[in-house]
Every structure is written in C-alpha cells, then in structure tokens.
There are 4 protein chains.
Amino acid sequence: MNFCSDNVAGAAPRIVAALAEAAAAGPAMPYGADAWTQAVEARFAEIFETEVAVFLVATGTAANALALAALAPAWGAVYCHPAAHVNVDECGAPELFTGGAKLVGVDGADGKIAAADLERVLATAGAGVQHHVQPAAVSLSQASESGTVYTPEETAAIAAVARAHGLGLHVDGARFANALATLGCSPAEASWRAGVDALSFGATKNGALAAEAVLLFQPALARDFAYRRKRGGHLFSKMRFLAAQMGAYLDGDQWLADARHANAMARALAEGLTALPGARLLHPVQANEVFVTLPPGVADGLTADGFRFYPWGNPADGAVRLVTAFDTDPAHVAAFLDAARRHAGVPAPTVRAG
Amino acid sequence: MNFCSDNVAGAAPRIVAALAEAAAAGPAMPYGADAWTQAVEARFAEIFETEVAVFLVATGTAANALALAALAPAWGAVYCHPAAHVNVDECGAPELFTGGAKLVGVDGADGKIAAADLERVLATAGAGVQHHVQPAAVSLSQASESGTVYTPEETAAIAAVARAHGLGLHVDGARFANALATLGCSPAEASWRAGVDALSFGATKNGALAAEAVLLFQPALARDFAYRRKRGGHLFSKMRFLAAQMGAYLDGDQWLADARHANAMARALAEGLTALPGARLLHPVQANEVFVTLPPGVADGLTADGFRFYPWGNPADGAVRLVTAFDTDPAHVAAFLDAARRHAGVPAPTVRAG
Amino acid sequence: MNFCSDNVAGAAPRIVAALAEAAAAGPAMPYGADAWTQAVEARFAEIFETEVAVFLVATGTAANALALAALAPAWGAVYCHPAAHVNVDECGAPELFTGGAKLVGVDGADGKIAAADLERVLATAGAGVQHHVQPAAVSLSQASESGTVYTPEETAAIAAVARAHGLGLHVDGARFANALATLGCSPAEASWRAGVDALSFGATKNGALAAEAVLLFQPALARDFAYRRKRGGHLFSKMRFLAAQMGAYLDGDQWLADARHANAMARALAEGLTALPGARLLHPVQANEVFVTLPPGVADGLTADGFRFYPWGNPADGAVRLVTAFDTDPAHVAAFLDAARRHAGVPAPTVRAG
Amino acid sequence: MNFCSDNVAGAAPRIVAALAEAAAAGPAMPYGADAWTQAVEARFAEIFETEVAVFLVATGTAANALALAALAPAWGAVYCHPAAHVNVDECGAPELFTGGAKLVGVDGADGKIAAADLERVLATAGAGVQHHVQPAAVSLSQASESGTVYTPEETAAIAAVARAHGLGLHVDGARFANALATLGCSPAEASWRAGVDALSFGATKNGALAAEAVLLFQPALARDFAYRRKRGGHLFSKMRFLAAQMGAYLDGDQWLADARHANAMARALAEGLTALPGARLLHPVQANEVFVTLPPGVADGLTADGFRFYPWGNPADGAVRLVTAFDTDPAHVAAFLDAARRHAGVPAPTVRAG
C-alpha cells in the first residue's frame with residue numbers, strides 16, 4: 001500500500017487497451033501524421049471549446065520546459081512559486097530549454113502565488129533595463145505542489161497582472177484533472193478563459209503510461225514549437241502511441257471521474273487523520289495530496305506496517321505527504337487509517353447501524 | 001503496403017503484452033527504482049558480456065544527443081558522416097544537449113566514414129588551439145543512413161584513430177539489431193570490444209513502441225548522465241513502461257530474429273528490383289533499407305498502385321528508398337515486386353516446380 | 001559631482017600612459033603571446049604568492065560568468081547572496097556561460113552570506129538526487145553589494161562548508177582592491193589561503209579603462225578556460241592592451257593606495273552624513289560605498305544642486321547609494337556634505353583651530 | 001618585420017590620443033549613456049546614410065556571434081563559407097550565442113559564396129520540416145578569409161536569394177575598411193543598399209586597440225540586442241572607452257586612408273613576389289592579405305632572416321600568408337621583397353632613373 005506518489009501507479013486498463021489496438025493497427029505515418037494524433041487534436045479543441053495547438057510529449061518535465069521556452073527568451077525571468085516543480089524538481093530543464101532563463105520565486109501560502117505579490121515583484125523587476133533578466137512569463141502549478149488549486153478567479157487575477165506587464169501565463173497541469181475535479185468548472189474556464197496562454201496537460205499521473213500534452217492557446221506560441229520539441233528529442237516517431245494513450249484518456253469523462261476518485265481518497269485520508277489528536281494539515285486538501293503532521297510515533301508505526309509514503313519538510317516535525325491516484329483502493333485507505341489510529345492509541349470509529 | 005520507414009510499423013505483440021502486464025502490476029517505485037528497470041540493466045550486462053551503464057529513454061534523438069553530450073564539451077567537435085541522423089535529422093538536438101558543439105562532416109562512400117579519412121581530418125583539426133572547437137568524439141551510424149554496416153574491424157580502426165587523438169566513440173544504433181543480424185557477431189564484438197564508448201541502442205524501429213537505451217561502456221561517462229537525462233525531460237516517472245518494453249524486446253533472441261526478417265525482406269526487394277533492366281542499387285543492401293534507381297515510370301506506377309515509399313536524392317534520378325521492418329509481410333514484398341515488374345514491362349519470374 | 005558609481009570615473013593617468021606606450025611599441029604577437037601578458041602573469045604570481053592561472057578579460061560580467069562556468073556544470077547550483085551582481089545585474093550571463101546553472105540565493109545581513117546559513121541550505125539541497133540541480137559552487141562578492149567585506153576568517157568558514165560539500169568557491173572581486181584596503185591583509189590571505197578557488201580580480205572600478213583578470217588557483221579549473229574565453233568572444237586579439245592596463249594597475253602599490261583613497265572618501269561621506277539628525281546607515285561602510293537614509297528633503301535638495309547619485313531600495317525610505325572612486329576629489333565630498341547639512345538645516349561643523 | 005596578421009600591429013596614435021582625452025574627461029555616465037557613445041551613433045548614421053542601431057563591443061568574435069544570434073534561432077542554420085572566421089576561428093562562439101544554431105558551409109572560390117550555390121543549397125534545406133534546422137541567415141566575410149571582396153552586385157545577388165528564402169544577411173566586416181578601400185563605393189552601397197541586415201564593423205585590425213561595432217539596419221534586430229550583449233559580458237561599464245576609440249577611428253576619412261595603405265602594401269608584396277619564377281598567388285589580392293606559393297627555399301630563407309609570417313595550407317605546397325596593416329612600413333615591404341629575390345636567386349629590379 002503505497003502513498004508515495006501518483007506515479008507509483010500502473011496504468012488504466014482502457015488506456016493500455018487503446019495502446020494494444022494501435023500497436024496492431026498496421027502501418028501509420030510517423031511523427032504525428034496519423035489518425036490517432038489528429039483525433040486527439042480535435043478532441044482537445046472540443047474539450048477546451050477553442051482552437052488550440054496540441055503537442056504531445058511523454059513527460060511533464062518536457063511539457064513544462066518546452067512550454068516555458070516558447071514563452072521566455074534566454075534572458076527572460078519566469079515567475080513561479082519557490083516550491084514549483086519547474087523550479088525544484090526538474091534539474092534545470094527550463095533553464096536548458098529556454099537557454100538560461102531565470103526562475104524567480106514568488107512565495108505564497110499553500111503553494112500558490114497571489115496576484116498582489118506578483119504585482120509587487122514585477123514592479124521592481126527592471127523591465128527594459130539591460131542589466132536585468134526581463135520579465136517574460138508566470139508559471140502556476142494547478143494543482144499546486146501543496147495540493148491546492150487556483151480558482152478561475154485567482155488565475156484570472158494573476159493573468160491580469162501578467163498581461164499588464166507583458167508576460168505570458170503558463171500552467172503546469174501535471175494534476176490538471178485533479179484540479180478540475182475539485183473546481184467543477186470547465187477546462188476552458190480553468191485555462192484560456194482565465195487568461196492561460198500555455199497549459200501542460202498531464203495524463204500520466206491520472207492513468208496514462210507516459211503522455212502529456214502542451215496546449216497552446218496563442219497561435220504565435222505554436223509557430224516554432226515543432227522545432228523545439230524535435231531538437232529536445234521529444235518528437236516520437238511512432239506518435240500514435242502517445243496519441244492513443246491521450247485519446248483513450250480523454251474519451252468520455254472517465255479522466256475526470258478518475259481524478260474525482262483520487263481526490264476523494266485524499267479527502268478520506270485527511271478526514272481520518274485529522275481526527276487523530278495532535279494531527280494537523282499543513283495545507284487544505286483540494287486535490288489528491290495530503291500534507292499532514294502526525295502524532296508522535298504514528299509515521300514510524302505506519303512505515304513498520306509496510307505502508308509507503310514520504311516524510312515532508314523538516315523531519316523533526318513529523319510531517320508526511322500522502323498521494324492518492326486514479327486506482328487507489330478505498331480498502332487501502334481504510335487500512336491506513338485503521339493502522340494510524342492504532343498507532344495513535346485511538347479507538348476505531350463507531351460504525352452507525354444501517 | 002508501406003515501405004516509407006521502419007517507424008510506420010506498429011509494435012510487436014510480445015512487447016505490448018509486457019506493457020499490459022506491467023500496467024496491471026500494482027504500485028512500483030518511479031524513476032527507475034523498479035524491478036523492470038533492474039532486470040533490463042542486468043540483461044544488457046549479460047547480452048553485452050560486460051558491466052555497462054544503462055539509461056532508458058523514449059526516442060533515438062534523445063539517446064544520441066544525450067550520449068554525445070556526455071562525450072563532447074560545448075566547445076567540442078563531433079565527427080560524423082555528413083548524412084548522419086545526428087547531423088541532418090535531429091533539428092540540432094546534439095547542439096542543444098552539448099551546449100553548442102559542432103558536428104563536423106567526414107564524408108565517405110555508402111554512408112560510412114573511413115578511418116583514414118578521419119585521421120586526415122583530425123590531423124589538421126587544431127587540437128589544443130584556443131581558436132578552434134576541440135576534437136571530442138566520433139559518431140558512427142550502425143547501420144548507416146545508407147543501409148550499410150561497419151564490420152567490427154572497421155569500427156575498431158576508427159576507434160583506434162579516435163583514441164589516438166583522445167576522442168570518444170559513439171554509435172547511433174537506431175538500427176543496431178539490423179546491423180548485428182547482418183554481421184553475425186556478438187553485441188560485444190560490434191561495440192565495446194571494437195572500441196565503442198557509448199551506444200544508442202534502438203528498439204523502436206525493430207518492434208518497440210518507443211524505447212531506446214543509452215549504453216555507456218566507460219563508467220566516467222555515466223557519472224552525470226542521470227542529471228543530463230532528467231534536465232532533458234527524458235526521465236520517465238513510470239519508468240517501468242520503458243523497461244517493460246525493453247525487457248520484452250531483449251527477452252530471448254526474438255529481437256535478432258526480427259531484425260533478420262527485416263533484412264531478408266530488404267534483400268528480397270533488392271534482388272527483385274535489380275533484376276529489372278536499368279535498375280541500380282545506390283548502396284549495398286546490408287540492413288533493412290534499399291536505395292535503388294528504378295527504370296522510368298516504375299516509381300510512379302507503384303505509387304499509383306498505392307504502394308508508399310519515399311523518393312531519394314535528386315528527383316530526376318528516379319531513385320527511391322524502401323525500408324522494411326520486423327513485421328513486413330513477405331506477401332507485400334512479392335506484391336511490390338510483381339507490380340514493379342509489370343510497370344517495367346518484365347514478365348513474372350518462372351516458379352520452379354518443387 | 002557624481003557619486004552614482006565607481007564606473008563613472010575615467011581612468012588613471014599611469015594606466016593610460018601604459019596603454020599609449022604599448023600602442024606605439026611596434027608588432028607584438030596576438031592573443032596573449034606578448035611580453036605584456038607574460039609580465040602580468042608573473043606579477044600576479046608574485047602578488048598572490050602562488051602559481052596562478054591568469055585570464056584577462058575586459059568586463060567584470062565576463063570574468064564572473066566564465067569563472068562560474070569553470071566551477072559549475074549546466075545542472076549545477078551556484079549559491080550566492082540574493083543581491084549579488086551575478087544574480088541581479090548581469091542579465092543572466094552566468095546562466096549563459098554555464099549552460100543554464102541555477103543561482104540560488106542564500107540571504108544574509110549586509111550583503112554577506114554566513115557559513116551557517118550556507119550549511120543549512122546545502123543540507124537539504126538534494127546532492128546526488130537526479131531531480132535537483134547539483135550543488136556546485138559558492139560565489140561571494142568582495143566587497144559585497146552592500147559595501148561590506150568578508151574577513152579572511154569569514155571567507156575560510158564559508159570555504160570549509162563549500163569544500164565539505166564538494167563545492168568550489170568563487171569570489172567576485174570587482175572591488176577586491178577596496179576590500180583588501182580595508183582588511184589590510186595580503187591578497188593571498190584574502191583569497192586562496194582562505195580557500196578561494198577562483199577570483200574575478202577587478203581593475204576597471206579602481207582606475208583601469210576596462211580590464212579584469214580571472215585568477216584560478218586550482219590548475220584543473222584552467223584546463224579548458226581558454227576555450228571558454230574564446231567562444232565567449234572575450235579573447236582579445238591585441239591582448240597587450242588588456243595586459244598593459246593590468247600591468248600598470250599592479251605596478252607598485254598604487255592600486256591599493258587608490259582603493260584606500262576611495263574607501264576614505266566613503267568613510268568621510270558616511271561620517272558627515274550620519275551626523276545629520278535622522279540619517280542612518282543601512283550597512284557598515286567597509287569599502288567605497290555608502291548606503292544611507294537621509295533626512296526628508298535632503299536627497300531632493302542635493303539632486304537639485306546638481307549632485308548625482310542613485311536612490312536605493314524603496315523610494316519612500318529616502319535611502320541613497322553613494323559610491324566613491326580612486327579619483328574622488330575630497331573637495332567634492334566636502335561640498336556634498338556642506339550641501340547636505342544645508343538641506344538638513346544643520347550648521348557647518350566648527351573647524352578646530354590648529 | 002612581422003606580416004603574421006593585422007592584429008600584431010599596435011594602435012593608431014590618434015585613437016590612443018582620443019582614449020587619453022576620454023580618460024581625463026571626468027565623470028561620465030556608464031553603459032553607453034555618455035557623449036562619446038552618442039556621437040559615435042550619430043557618426044555611423046551619417047557615414048552609412050541611414051538610421052542604424054549601433055552596439056559597440058571589443059572583439060570581432062563578440063560582434064559576429066551576437067549579430068548571428070539576433071538573426072538565427074537556436075534551431076537555425078547559418079550559411080557561410082567553410083573557411084569563414086565564424087565557422088573556423090571562433091571556437092564555437094556563434095553556437096554559444098545562438099544557443100546551438102548550425103553553421104552550414106557553402107563552398108566557393110577565393111573564399112566567397114556564389115549566389116547560385118546558396119540558392120542550390122537552400123533549395124533542399126528542408127525549410128518548414130521539423131526534423132531539420134531551419135534556414136535563418138547567411139554570413140559573408142568582407143573582405144573574405146582569402147583576402148577577396150564581394151562587389152555590391154555580388155552581395156545584392158546573395159541578399160536576393162537570402163530574402164527570397166526568408167533569411168537575414170550578416171556581414172563579418174572585421175576588414176570592412178579594407179574591402180571598402182578596394183571597392184571605392186560608399187559604406188551604404190556595400191551594406192544595407194546591397195541588402196545587408198547586420199554588419200560587424202571592425203576597427204581593431206585597422207588601428208583601434210579593441211573596438212568593433214555591430215550595425216543593425218533592421219530595427220527589429222535591435223530590440224533585444226542590449227540584453228544579448230549584456231548577458232554575453234560584452235557591455236562595457238566605461239563605454240566611453242570603446243566609443244572614444246571608434247569616434248577617433250571614424251573621424252574624417254583616415255580609416256579609409258589607412259585601409260588603402262594596408263591594401264597598397266599587400267599589392268606591392270604580391271607584385272614583387274609574383275615576379276619570382278614559380279611563385280603563384282592562391283587568390284586575387286583585393287584587400288590586405290596575400291596568399292602566395294613561393295619558390296622552394298624562399299619561405300625558409302625569409303624566416304631565417306627574421307621575417308615573420310604564417311605558412312598556409314598544406315606545408316608541402318610552400319604557401320604562405322602575408323598580412324599588412326594600417327602601419328606597415330613600405331621599407332619593410334621593400335626589405336621583404338629584396339630578401340625574397342635574394343633567396344630565389346633573382347636580381348634586384350632595375351630602378352628607372354627619375
């Protein structure tokens with residue numbers, strides 16, 4: 001029972017089935033000139049209710065770094081939360097693909113940037129002054145690295161600041177489905193209608209094997225994107241296998257149902273754990289991640305039981321991160337909570353008679 | 001019936017089955033800390049009869065560019081055939097990953113570099129002179145872009161020149177299986193025993209969906225490779241899906257049998273076509289590609305029949321490239337040859353009674 | 001009367017005279033194969049009491065960026081004060097020359113990093129973890145951007161932390177002479193004896209026209225430096241003109257005397273201004289820069305008088321930066337203080353009878 | 001008596017005098033906000049009879065690499081003669097500043113590209129195809145590396161091809177003055193009127209200490225140039241010292257007179273040497289360089305006499321390169337020719353009585 005990350009999961013059977021079908025379908029022209037890719041492009045336009053340039057890649061890091069490179073020149077500054085994946089967890093991929101742009105942290109509560117803080121930072125950023133990197137883009141994580149989400153209003157407020165200063169707005173949507181599932185709004189409302197220019201649309205964490213899409217809502221951003229992708233080594237020859245994954249992922253509303261499930265599992269964990277005396281959430285649980293300080297001994301006890309998860313932050317604080325996924329078994333959540341209560345010395349909750 | 005490329009093929013059923021099995025296997029730690037990856041690493045060591053550092057990626061361009069970046073500094077020169085994939089078909093990926101190294105063409109017949117020509121070029125390359133990019137690596141394509149192969153002796157001769165000048169030796173083995181199938185030697189003989197330091201070992205063109213391995217035979221090259229791969233966006237979170245493909249690919253000798261089949265189909269095409277009056281091979285057929293000048297009208301006739309393939313070189317020459325794959329149907333080859341004979345006004349060959 | 005920066009100054013007559021002499025000296029081999037360059041190299045070895053690799057360039061940004069590139073790979077992290085010139089005022093030059101390394105801020109009072117803070121940051125920096133940029137170097141500014149200096153003991157403490165974690169230590173010494181003049185120690189004590197691996201040794205701000213030297217105290221760092229410099233466009237063909245400047249700069253102890261003069265002028269400004277009611281230094285004055293909050297109206301009055309200087313930080317605070325140079329006229333300092341007192345409504349100080 | 005290069009020369013006294021004057025002129029705002037820089041900008045507009053964006057740097061490599069970076073994206077191809085300085089002698093500077101663009105050789109006689117050859121190469125360059133670097137710019141050397149010059153008509157023909165394919169046109173004018181002196185046309189006719197978009201205008205080889213200008217005739221190219229220059233470390237703080245050099249260089253027509261002198265010295269060498277039996281020019285002498293095959297033993301004899309020059313090409317051919325400069329002494333040329341005749345066993349020419 002592994003709550004380390006949503007990338008410890010396997011893949012959704014319907015997506016694997018689509019891969020198998022594509023594998024057996026006979027010859028298809030490479031590099032995206034195939035029916036699967038065209039269908040995915042059409043499907044994204046439908047889901048997002050707008051024309052959109054779609055570039056499939058296999059990893060979230062590729063999606064983010066390529067998207068930022070389309071938005072920021074080598075002497076650009078990209079504003080993001082200090083804890084953003086692009087800043088912390090991609091070993092400098094945005095720097096590689098932009099040619100050396102600088103990621104500038106804009107701190108904020110619960111993993112989110114506030115529009116007012118962005119405005120304050122941009123006010124003294126040295127735009128137009130040759131000595132300084134030039135403000136070029138904002139990158140938000142949706143859901144954030146703290147498991148929280150931006151409302152469309154919050155995104156729009158940030159987009160307004162960005163636009164006023166001439167910056168593009170990127171969203172790292174490795175967990176975009178989880179955010180949407182919480183927001184209950186349309187994909188369009190959470191993206192381009194709120195001012196997003198480029199979206200890294202993730203599928204891998206929500207059931208695909210390895211499939212992400214860069215969605216560009218500004219045609220100008222798409223102009224050179226194919227060259228960027230190719231020279232990054234991210235153009236698949238047998239593109240049908242990225243497209244088949246993404247097609248199956250987007251077919252119907254299962255992707256949102258899967259994200260809702262993951263989120264529900266996270267909420268169940270949060271509710272169960274916060275009932276323990278002394279337990280405390282570090283952040284609101286708005287997607288599929290729970291950051292929680294556990295009572296003394298509980299984390300060690302759970303680990304000894306064989307549950308897997310990562311400690312978080314300063315080890316002395318006893319905080320942990322728990323991540324759920326599309327395929328998290330409710331029985332595993334129940335088992336985890338039972339064990340946690342046991343280690344905390346708390347009786348099991350009374351089950352009301354039916 | 002499509003002879004455009006070996007990347008128009010789908011994927012081998014055994015590889016798809018392995019993917020499906022991995023997808024349903026429950027949680028596994030990400031980024032390569034899984035059983036599939038470890039098994040693949042062990043399997044490569046076994047196949048190549050040596051300790052080897054293995055880095056899985058999804059595309060040949062990624063494999064090549066990352067390998068060259070491990071061999072050449074930003075001010076390095078990489079010597080390759082002018083027609084090499086790394087020089088012509090990767091939109092500058094080696095330049096991106098090396099930070100700007102220069103690819104220097106060393107021309108040679110049939111897509112191959114001769115050791116003597118390499119020696120001649122290196123003699124005046126300006127090693128140690130600060131004004132010039134510094135000789136750093138040689139990159140061979142095995143099989144070459146002309147469908148030919150380097151014998152172990154030829155590779156060793158080039159490696160000797162490279163070593164004498166302090167250069168590393170990289171092999172782009174997108175079609176390494178096809179080369180091996182022709183050479184009949186062991187993987188070790190065709191690589192590190194012949195002096196190869198880094199090998200891009202391809203599986204995609206021979207039946208995988210998207211799986212390649214960078215094999216590093218010098219431990220020093222591997223030291224920073226994980227960072228290079230990650231910041232290139234080429235580290236898969238669900239690494240098991242690259243490893244499962246490669247594991248199934250390498251299981252038993254089917255990968256070599258598949259390559260032998262592809263090569264045999266190419267030879268059958270070559271034999272059938274060169275029997276046409278006026279037809280002429282541009283290069284010996286030593287792997288799964290045929291470069292052939294067809295009699296006037298034949299290419300157009302075949303195209304009108306619905307056969308797909310690419311013209312090659314100067315259109316006035318009437319040359320075409322035909323590529324076969326692991327799954328090329330002998331009946332399609334026969335149909336192609338029948339049609340070619342028909343367009344060339346040649347009677348079908350007499351079938352000898354059994 | 002301009003206190004904007006030490007780069008508003010002209011150049012020292014002895015340095016100009018040396019340039020003129022070099023210009024008239026007839027043919028000399030280019031790119032450093034000349035007597036001036038060799039003499040400078042020998043002089044640096046003498047002044048620093050050690051063998052040292054010397055690379056002349058024309059700007060401080062070039063010196064810093066090239067030095068950092070020798071210390072940090074593209075996936076490296078360089079730790080510096082958030083206000084460091086390399087981080088704020090070089091438009092991403094370190095990122096360009098390193099190929100995308102990340103500058104990570106380690107905050108500290110008065111523009112300086114404390115060893116303990118560096119240790120704390122490095123403890124969680126993710127060394128060896130492929131997802132994170134890898135700790136590679138520390139860069140100190142000596143004197144700092146706040147006009148303060150590191151004692152040899154402070155530098156050594158930082159060097160010890162750096163070395164313990166495998167990092168190199170760079171010093172941006174655009175104002176190294178000013179720091180030395182304050183410290184009173186030897187160049188060796190302030191650099192390699194305190195653990196410095198690479199020093200950007202500035203001359204431009206202290207009287208040269210445009211001349212800086214990268215001093216590398218570790219031979220391994222020098223190995224590829226010539227290529228880095230050349231491909232950065234920083235190798236002068238008529239190198240004698242950089243070397244002649246630096247030679248004249250280092251001839252005798254005038255460079256230190258000039259720095260002492262600049263520092264004394266800064267102290268005089270600081271003493272005069274802090275005597276005004278409500279004035280307050282933002283940082284100790286340890287080199288040739290004064291950061292001071294002036295009483296209301298004083299800055300505006302001085303500006304109206306024609307004095308030139310830059311406001312500093314939040315305009316509402318009324319803080320200004322004053323920079324002195326090798327050629328600052330004491331009479332200008334006196335005039336500035338007289339005017340400041342006048343605008344502050346303070347009587348001129350009584351001059352004691354001799 | 002040194003004919004190795006025009007960069008073995010010192011500097012012209014008038015330029016040194018201007019530097020000295022600027023050094024003593026008291027405070028001036030840095031980074032180009034000074035009177036010298038403004039005067040140079042105005043002077044260039046006057047000389048080139050058009051509005052032009054002017055960016056001063058200290059080296060030709062910087063000028064070229066920055067100019068090419070303004071013209072070509074990281075996935076761009078820059079077409080140049082294989083022997084071009086940007087391709088051979090800058091250790092990959094164009095690759096660094098463009099972020100990895102590819103320099104593609106277009107061979108041609110006497111160091112020059114022919115428009116028809118450029119057209120032929122561009123016809124199959126793969127414009128718009130994502131696998132290939134994208135044609136972006138042409139770079140000509142004026143005068144060329146073979147000491148020849150492009151007529152305005154030749155430049156215009158190349159510009160027409162470039163424009164038809166959407167490419168920008170750069171000229172490496174490290175010896176632009178020498179070319180102009182031969183052409184006898186106006187600077188405008190040799191540059192923007194012939195279709196040049198960006199010109200590296202050299203002064204160093206013709207009498208400056210270290211001063212070059214990037215001249216951009218298309219305003220769009222200038223938009224981000226200041227950031228490129230700064231992050232390359234090529235923005236001088238005491239910019240007056242670049243501007244003072246260039247100002248003195250351009251003052252009156254002395255720069256052209258100096259170039260005419262250098263060219264005349266080269267022609268004198270060529271005429272004298274080609275009179276030797278068996279001597280042969282490798283290229284027409286149209287600027288300040290002579291490439292000549294000398295009779296057996298002559299080069300060795302001259303070297304033994306203490307004359308300095310570089311052998312050229314294959315040592316067995318006995319070819320040498322001789323370069324003259326603004327300050328070449330006619331007596332040195334005469335001495336060189338006398339010695340050459342002596343070593344060739346040829347009597348001194350009869351001097352006609354006046």
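In chain B, strand 2 and strand 4 (residues 134-141) run parallel and are joined by five bridges. This is a predicted model: local features need pLDDT of at least 70, side-chain atom pairs count only at pLDDT 80 or more, and totals for chains, interfaces and linings use all residues. Residues are numbered from 1 along each chain as its sequence is written, chains are lettered from A and ligands numbered from 1 in the order in which they are written, and side-chain values use heavy atoms, with hydrogens and water left out. Helices (H or I, at least four residues) and strands (E, at least two) are DSSP runs, numbered from the N terminus. Two strands pair if DSSP finds at least two bridges between them.

**Strand 2 of chain B**

- Five of the five residues of strand 2 (residues 76-80) of chain B are buried, so the strand is largely enclosed by the rest of the structure. Buried means under 20% relative accessible area, exposed over 50%, and partly exposed in between (1.4 Å probe, protein chains only).
- B:Gly76, B:Val78 and B:Cys80 point one way from this strand. B:Ala77 and B:Tyr79 point the other way.
- On strand 4 of chain B, B:Val138 is the bridge partner of B:Tyr79.
- Strand 2 of chain B also pairs with strand 3 (residues 102-105) of chain B, in the parallel sense and over four bridges. There, B:Leu103 is the bridge partner of B:Val78.

**Strand 4 of chain D**

- How many residues of strand 4 (residues 134-141) of chain D are buried? Eight of the eight are, so this strand is largely enclosed by the rest of the structure.
- Strand 2 (residues 76-80) of chain D runs parallel to strand 4 of chain D, and five bridges join them. D:Cys80 stands opposite D:Ser139 of strand 4.
- Strand 5 (residues 168-173) of chain D pairs with strand 4 of chain D over five bridges, again in the parallel sense. D:Val138 stands opposite D:Leu169 of strand 5.
- Strand 4, helix 7 (residues 152-164) and strand 5 of chain D make a right-handed β-α-β unit. Right-handed means that, with the strands pointing away from the viewer, the path from the first strand over the helix to the second runs clockwise.

**An open sheet in chain C**

- Four strands of chain C form an open sheet in the order 8-9-11-10, with antiparallel pairing.
- Strand 8 (280-281) and strand 10 (310-311) of chain C stand at the edges. Each has a single partner strand, so one side of each is left without a neighbour in the sheet.
- Strand 8 of chain C is joined by two bridges to strand 9 (residues 289-293) of chain C, and the two run antiparallel. C:Thr293 in strand 9 is the bridge partner of C:Arg280.

**C:Lys102**

- C:Lys102 is found in strand 3 (residues 102-105) of chain C.
- Is C:Lys102 buried or exposed? C:Lys102 is buried, with a relative accessible area of 10%.
- The side chain of C:Lys102 makes a polar contact of 2.8 Å with that of A:Asn87. Another polar contact of 2.8 Å joins the side chains of C:Lys102 and A:Glu95. A polar contact is a pair of N or O atoms within 3.5 Å; within protein, one must be able to donate a hydrogen and the other to accept it, and residues adjacent in sequence count only if both atoms are side-chain atoms.
- Leaving aside neighbours within four places in sequence, C:Lys102 is in contact (heavy atoms within 4.5 Å) with residues including A:Leu103, C:Gly76 and C:Val133.

**Nonpolar cores**

- The largest nonpolar core has 139 residues. Such a core is a set of buried Ala, Val, Leu, Ile, Met, Phe, Trp, Tyr and Cys residues joined through side-chain atoms within 4.5 Å.
- Among the members that touch the most other members are A:Phe44, A:Phe201, B:Phe44 and B:Met246.
- A second, separate core of 138 residues includes C:Ala213, C:Leu256, D:Phe48 and D:Val52.

**Related copies**

- A rotation of 180 degrees, with 0.0 Å of shift along its axis, superposes chain D on chain C (RMSD 0.0 Å). The two copies are thus related as by a two-fold rotation axis. Copies are superposed by least squares on the C-alpha atoms of residues with pLDDT of at least 70 in both.
- Which residue of chain D comes closest to the rotation axis? D:Gly232 does, at 3.5 Å (C-alpha).
- The same surface serves both copies, as 100% of the contact residues of chain D recur in chain C.
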